[in-house]
Amino acid sequence: MSARLLIDVWHDVADPWSRIGLGRLLRGIDLARAQRNLSRAGRDFRAGRDFASAGHDEARSSASGAALPEVVVDVHSFLSPGDPLPETSAEAIAAIAASEGIPIAKERLHRPPTKPLRRLTHRIVHAVRENAKDPADGARRALEAVIRLDDWFLGVDKVSGSGAPAGSLTQAAVQTGNELRLQKGMQTGGLVHSEDAPPRSRGQAHQGALDADQTPLEGDAIEPSPRTIGRIAGLAASNLSTLERRLEIGEWEAAVDRDVADAKRLRIRGLPLTVVGARAMLVGAQSPEVFAEAMLEAAAALSDGEHPPQARRFSL
């Protein structure tokens, strides 16, 4: 099996900073790969000019000049406080996201999804990993699922392919052909504070919101059904038919609990929390350049056969 560079990311559903951080991480992967390729091209050019000395130099620099290994991004669950954002903060975050190609409806940032809904969504992301051909494929499926779910919860329809912002959750459901579950008696935008929540820090996740203002039954909270969430996450139709029953008997609860326990062990202080190659721990939505630098350092150590102390591969 070829070497793999594992990147673990703790993320919360519908959290704008987690979504922004994932986008920057993916750009960082492209940047690290481009820098490695540029380094290899420069080495090959120098070797061509001085073939006689190339053998010694190439042997000495093969680790740092090799192509970037396969990068596997494995997303893990976390449940942050779920506080609504004030108007100025919502506007600022929406503007940052839009500048990076992640349109967010700022209205969604005022009314966070409840903790039970976010936990349910995390469980369904774990369900997406099933039937993967190997753990790396499961990680890829989960990453795709959380991006689709984040974009849907934060106000952009990425499921139907229309690319149009959804003015409300009802509109989004119509666009995607999904069911909605009305839960009468629930306070719209009600907050649930979690003991699992980390202290605030720069770049820590605030939750996105389900914008229910334009729904016919004002005052009733709208929650997407498990089948809706599963379909958006990419579950096959055959799996959707049994999803609710499996959720009712508690499947994937333990997987979410393990993710949260791992985050606590790492003393999580903000979201997203990114661990690169079990070497570098990065808190918050760092720049693509910071992510790329951490990847290049981890890849060089991986090529040299170096194992960091207390290294742990959480999933693979």
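Strand E1 is largely enclosed by the rest of the structure, because 8 of its 8 residues are buried (buried means under 20% relative accessible area, exposed over 50% and partly exposed in between, with a 1.4 Å probe and protein chains only). This is a predicted model, in which local features need pLDDT of at least 70 and side-chain atom pairs count only at pLDDT 80 or more, while totals for chains, interfaces and linings use all residues. Residues are numbered from 1 along each chain as its sequence is written, and side-chain values use heavy atoms, with hydrogens and water left out.

The chain has 10 helices and 6 strands; helices (H or I, at least four residues) and strands (E, at least two) are DSSP runs, numbered from the N terminus. Of the 316 residues in the chain, 50% are buried. Among contacts with a separation of 6 or more, 79% link residues 24 or more positions apart, where contact means heavy atoms within 4.5 Å.

Both faces of E1 are covered.

E1 belongs to an open sheet of 4 strands, with the order E2-E1-E5-E6 and mixed pairing. Two strands pair if DSSP finds at least two bridges between them. Strand E2 (70-77) and strand E6 (280-283) stand at the edges with a single partner strand each, so one side of each has no neighbour in the sheet. On average, neighbouring strands of this sheet are turned by 20° against each other, direction ignored. Strands of a sheet pair through backbone hydrogen bonds, either parallel or antiparallel.

The pairings can be followed across the sheet. E1 and E2 run parallel and are joined by 8 bridges; here His 11 stands opposite Ser 77 in E2. E1 and E5 run antiparallel, with 4 bridges between them, and Ile 7 stands opposite Val 276 in E5. Strand E5 (residues 273-276) is joined to E6 by 4 bridges, and these two strands also run antiparallel. Thr 274 has Leu 282 in E6 as its bridge partner.

Helix H5 (residues 135-153) packs on the sheet, where it touches strand E1 (4-11) and E2, and its direction makes about 55° with that of E2. Helix H10 (residues 288-303) lies across E1, E5 and E6 and runs at about 140° to E1. For these angles, axes are lines fitted to C-alpha atoms, for helices over the stretch in contact, and angles run from 0 to 180 degrees between N-to-C directions.

Leu 271 and Pro 272 are joined by a cis peptide bond, with omega about -10°. Pro 272 lies in the loop between helix H9 (253-265) and E5.

Another contact is between two helices. The axes of helix H4 (residues 115-128) and helix H8 (residues 237-248) come within 12 Å and cross at roughly 120°. H4 and H8 are therefore oblique to each other; angles under 35 degrees count as roughly parallel, over 145 as roughly antiparallel, 65 to 115 as roughly perpendicular and the rest as oblique. Leu 120, Arg 123 and Ile 124 in H4 meet Leu 243, Arg 246 and Leu 247 in H8. The residues of this contact divide into 4 nonpolar, no polar and 2 charged (Ala, Val, Leu, Ile, Met, Phe, Trp, Tyr, Cys and Pro count as nonpolar, Asp, Glu, Lys and Arg as charged, and the others, Gly among them, as polar).

Ala 127 is also in helix H4 and is buried, with a relative accessible area of 5%. Not counting residues up to four places away in sequence, Ala 127 touches Leu 235 and Trp 252. The C-alpha atoms of Ala 127 and Ala 255 are separated by 9.8 Å, although these residues are 128 residues apart along the chain.

Trp 252 is found in the loop between H8 and H9. Trp 252 has a positive phi of about 70° although it is not a glycine, and at 12% relative accessibility it counts as buried. Asn 131, in the loop between H4 and H5, has a positive phi near 70°. Asn 131 is exposed, with a relative accessible area of 61%.

Helix H7 (residues 226-233) is mostly covered, with 6 of its 8 residues buried. Gly 234 follows H7 and has a positive phi near 100°.
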